[in-house]
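User: I would like to learn how to read a few features of a structure, one at a time. Can we start once the model is on screen?

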Amino acid sequence: MSMINFELYKVFYWAAKTGSLTQAAKSLYITQPSVSHAIKQLEDSLGITLFYRNSKGVALTPEGSILYSYIEQSHILISLAEKKMTELKNLDNGELRIGGSSSLFKHYLLSYLEVFHQQHPGIKLQLIHGTTPEIITFLKEGQIDLGVVRMPIVDPQLEMRQGIELQDCFIAGGRYEELKDKVLSMEQLLQYPIILFSRNSRARMAITDLFQDYGHELKPAFEVGSVDLLIEFARKGLGISYVTREFVSKELEEGSLFEIKLDVNLPPSQVGLMIMRNMPLSSAASKFIENIE
């Protein structure tokens with residue numbers, strides 16, 4: 001299959017469209033001899049005559065008319081593609097796909113998403129839920145543009161942009177009122193039913209590792225799949241939940257839940273935006289990250 005310079009087809013298109021080598025030259029900002037030379041090259045490459053001269057300029061031969069019907073469609077598609085690229089660049093159109101947990105969407109990204117949508121209503125926002133390992137997989141497979149996850153993430157393929165700091169804590173409801181304002185040891189805490197998030201969550205792994213560092217095994221009485229269930233289980237007195245303090249600020253303030261203090265410090269965690277390293281971002285993803293940073 002021969003590969004013909006697409007510039008030759010561009011010259012052919014304008015010569016056929018205008019019916020004049022002079023007008024084609026003006027449209028392309030080149031000289032008329034350059035137009036004649038390009039058409040001669042194309043005819044030689046294809047082995048057919050595309051134009052014949054008349055009193056008004058040039059006209060297509062039957063073979064040239066057939067070629068023009070295809071080239072015209074290509075020109076229209078290219079013009080539409082260029083228009084689409086302009087829309088994407090100007091954020092008039094497109095899609096932004098973000099992966100993360102429901103809690104991080106609600107308590108961290110929601111306000112940014114609201115502002116971004118107001119600024120760029122033509123951009124479709126798609127939020128894809130998952131655990132940190134799932135979000136990493138989604139990103140590497142190209143299913144999302146960026147992820148919001150707890151750090152640290154150590155992966156040479158990924159780049160992290162640091163966001164906010166969160167503090168996890170143990171909370172309980174009225175059933176455990178006697179623990180309010182007390183400072184418990186790990187041994188004392190483990191005497192009560194503990195409610196933890198699923199095994200694959202970053203917060204769950206962090207608190208499990210911390211207890212192991214002190215020589216204790218943290219065995220949950222309940223494992224749940226959402227922050228809302230952690231909160232609700234604690235409120236109903238089913239046990240003591242481990243949850244991010246910022247996610248239960250309303251409940252702590254109104255008194256339906258209270259924080260249980262330990263005699264060890266619970267380290268804070270960092271939340272960050274995760275993207276593929278050395279991979280170009282879409283205009284929408286770049287703008288969204290810019291708004292957050």
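User: Leaving aside its neighbours within four places in sequence, which residues is Ser241 in contact with?

Analyst: Bear in mind that this is a predicted model. Beyond those sequence neighbours, Ser241 is in contact with Cys169, Phe170, Ile171, Ile195, Leu230 and Ala234. Ser241 itself sits in strand 11, residues 240-244.

User: Is Ser241 buried or exposed, and what lies 2.7 Å from a polar atom of its side chain?

Analyst: Ser241 has a relative accessible area of 0%, so it is buried. The atom 2.7 Å from that polar side-chain atom is the backbone oxygen of Leu230.

User: How should I read the sheet order 8-12-7-11-9-10?

Analyst: Strands of a sheet pair through backbone hydrogen bonds, in either a parallel or an antiparallel sense. Here 6 strands make an open sheet with mixed pairing. Strand 8 (183-184) and strand 10 (222-224) each have a single partner strand, so one side of each lacks a neighbour in the sheet. Strand 7 and strand 12 (residues 258-262) are antiparallel, with 3 bridges; Glu259 in strand 12 is the bridge partner of Ile171.

User: Which strands does helix 9 lie across?

Analyst: Helix 9 lies across strand 7, strand 9, strand 10 and strand 11, at about 170° to strand 9. Helix 8 (residues 202-213) lies across those strands too, but runs at about 90° to strand 7.

User: How many residues does the largest nonpolar core have?

Analyst: In soluble globular proteins, nonpolar side chains tend to be buried together. The largest core here has 34 residues, and Ile171 and Phe288 are among those with the most contacts inside it. Helix 5 gives the largest share, 6 residues.

How values were computed
Residues numbered from 1 in each chain as written. Predicted model: local features only at pLDDT ≥ 70, side-chain atom pairs only at ≥ 80, totals over all residues. Heavy atoms only, no water. Helix = DSSP H or I, 4+ residues; strand = E, 2+ residues; numbered from the N terminus. Buried < 20%, exposed > 50% of the residue type's maximum accessible area, 1.4 Å probe, protein only. Polar contact = N/O pair within 3.5 Å; in protein donor to acceptor, adjacent residues only side chain to side chain. Contact = heavy atoms within 4.5 Å. Core = buried A, V, L, I, M, F, W, Y, C linked by side-chain atoms within 4.5 Å. Pairing = 2+ DSSP bridges. Axes fitted to C-alpha atoms, helices over the stretch in contact; angles between N-to-C directions.
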